[in-house]
Amino acid sequence: MTLEASLAAVTAALPRAEERPGQQEMARAVEGALRASRHLVVQAGTGTGKTLGYLVPAILSGRRTVVATATKALQDQLATKDLPLLDEHLGRPFDWAVLKGRSNYICLQRLRELDDAATGQLELEELAVTTRAEVRRLATWASTSATGDLAELDWSPSDHAVRAVTVSGDECPGRARCPMGALCFAEAARERAAGADVIVVNLHLYGLHVASGGTVLPEHEVLVVDEAHQLEDVMSDTIGLQIGPGRFTTVAAALRRILDAPATVAPISDAASALREVLAPLAGQRLPEPLPDDLARTLVTARSRLDAALAALRRIDSSVDDAKQRVLRATTLASRLIEHIDTALGQRTADVAFVSGSAEQPRLEVAPLDVGPLLRERAWSQCTAVLASATVPASLVARVGLPEDAVEVLDVGSPFDYEHHGLLYCPVELPDPRSPQRADAVHAEIEALIGAAGGRALVLFTSWRAMDEAATALRPRLPMPVLTQRDLPKTALIRRFSDDESTCLFATAGFFQGVDIPGRTLSLVIIDRIPFPRPDDPLLSARRELLGPRAFAEIDLPRASMLLAQATGRLIRSASDRGVVAILDPRLGTAGYRWDIVRALPPMRRTRHRTDAVAFLRAITT
């Protein structure tokens, strides 16, 4: 059966099946790229059906494929919807598996230790009553689960309960050294992956695979990166390192489970407080090389305390299996933290150190200035890659190190009729974003647009302060309900907004992507300004310095364009959706770089006049 026939057989099984030329073009391009062993970057707009566009040709190629998704939610969607659909209708047998990090699976050894009448009961007694009940419920579930994957639970345990029954990759001593290794859920998942034709992971796990030199995942011939616009940032997080107070707290907790030695354990707990105190004033700042003296001294002191703990662990007689496992886990955690401290204290030529998080929860991070060389060496040279996203930044190929002579870039568009169903409105007469008169003018613009739409608005802000100010100013002036991101958890907030057409939702950057609200409920998207990255972001500032005059074009402009395109994409989610996107930043109509941004947006009709936007909204909402 040809690619076209196979794709048609699968799509015919979908509800409301329809022909998608962009999906077909993408599938043919993926087939050609795999046949020629050339990398492919494909922009496939909302509604294209890009998941089937890459899965069908990848499976038909007969090559082992790893699909790396940006989120666990997308990973679960592939596992529960897309791959079962293909399994039933593609007409070609294949095996597939989902693989996640160890902390996503129940650890049977931890459950066994908690069930120990002596040490386990003491450990449980340290937990809250509700947490102990959750742990017992998790243990009962694990006894009947085939996978131990926490995503399969039909309830949400607390973080404390999850931490009590799971281990991280930094903590696990490995199958061969664990008495429950033969029954281990995480190891069983790895075995299924080793025999599968399609392996679904998230980008974080693939980053760990790259950082480890290729030891985490089975060998594969094809790599698909879904939501590829997030690739550089996720790789920076996983290839780099983080040292926060919580890591010392975790090590101290692991030590207490095996060491009755307060003089050894307490100093490691104290190191958490000492690190928090020295990092707090540096939150949001880039650090020099070498590190500031007080931070370096704190890390050196903490390292010596970890060395003392390792020496104490080596003196333990761990002939009993459960005790041996506690020793191994504590040793693994402490040793890994020492490695990271040594890296942070060492010379950095290709990395930048900075403090992320808030003053209350600061973290020392060391991240690569350029993820391209490592990806080129350990990913692009090892397999054929397909990078797909609804929005592909113009600088993606260069930023992630794809070889320009071995990559094709394709835009298959979107099946939606943006020209007739959408209107892009930019009021160029608004004050500049730096003007003190801007807030009142923006609030008046939002009020007029929401009034014309009768609610039905998602209003996106680039800062929490701007969102709060707008909500405070407009709630008394608008006759319809105004929800903000502070009111409810994200899922509940979207549900409440979707259930009432008159409701407006004010939110920040977390809602620029991953929000899917088709239908009349969302007829207006307002974005307060072009979402340029912060000029003082420590990692990006270091990358800007490296690039010099090219930095704005290669970092700031592509990131802003991509985020704006993602936010704009919240409006039209189905073929029948219609509405207005209002970008309340005059620079979109006046700045020299404006066309670089406009070209990245869906091809809607454009206007500078509020009367046009109001007329369009009234026409579609009455």
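**Note on charged residues in a predicted model**

1. Arg 286 and Glu 545 form a salt bridge, with their closest N and O atoms 2.9 Å apart. Arg 286 belongs to strand S7 (residues 286–287) and Glu 545 to helix H22 (residues 538–547), so the pair ties together parts that are 259 residues apart in sequence. Arg 286 is partly exposed, at 34% relative accessibility, whereas Glu 545 is exposed, with a relative accessible area of 56%. The model discussed here is predicted.

2. The structure holds 36 salt bridges. Another one joins the side chains of Asp 76 and Lys 100 (3.0 Å, N to O). This pair links distant parts of the chain, 24 residues apart: Asp 76 lies in helix H4, and Lys 100 in the loop between strand S3 (96–98) and helix H5 (108–114). Asp 76 is partly exposed, with a relative accessible area of 25%, while Lys 100 is buried, at 5%.

3. A network of salt bridges links Arg 110, Glu 113, Glu 171, Arg 326 and Arg 329. Arg 329 is found in helix H15 (residues 321–345). Its relative accessible area is 4%; Arg 329 therefore counts as buried, the limit being under 20%. Leaving aside residues up to four places away in sequence, Arg 329 touches Gln 109, Arg 110, Glu 113, Val 167, Glu 171 and Pro 173.

4. Glu 377 and Arg 378 also form a salt bridge, the closest N and O atoms being 4.0 Å apart. Arg 378 is partly exposed, with a relative accessible area of 28%, and Glu 377 is partly exposed at 48%.

5. On the surface, Asp 87, Glu 88, Asp 95 and Asp 197 gather in a patch of negative charge. Glu 88 is located in helix H4 (residues 72–89) and is exposed, with a relative accessible area of 62%.

Note on methods: Residues numbered from 1 in each chain as written. Predicted model: local features only at pLDDT ≥ 70, side-chain atom pairs only at ≥ 80, totals over all residues. Heavy atoms only, no water. Patch = residues over 30% accessible without salt bridge, like charges linked within 9 Å, V, L, I, M, F, W, Y side chains within 5 Å. Areas by Shrake-Rupley, 256 points an atom, 1.4 Å probe, with all protein chains shown as cover. Lys, Arg positive; Asp, Glu negative; His and termini not counted. Charge placed at Lys NZ, Arg CZ, Asp CG, Glu CD. Helix = DSSP H or I, 4+ residues; strand = E, 2+ residues; numbered from the N terminus. Buried < 20%, exposed > 50% of the residue type's maximum accessible area, 1.4 Å probe, protein only. Contact = heavy atoms within 4.5 Å.
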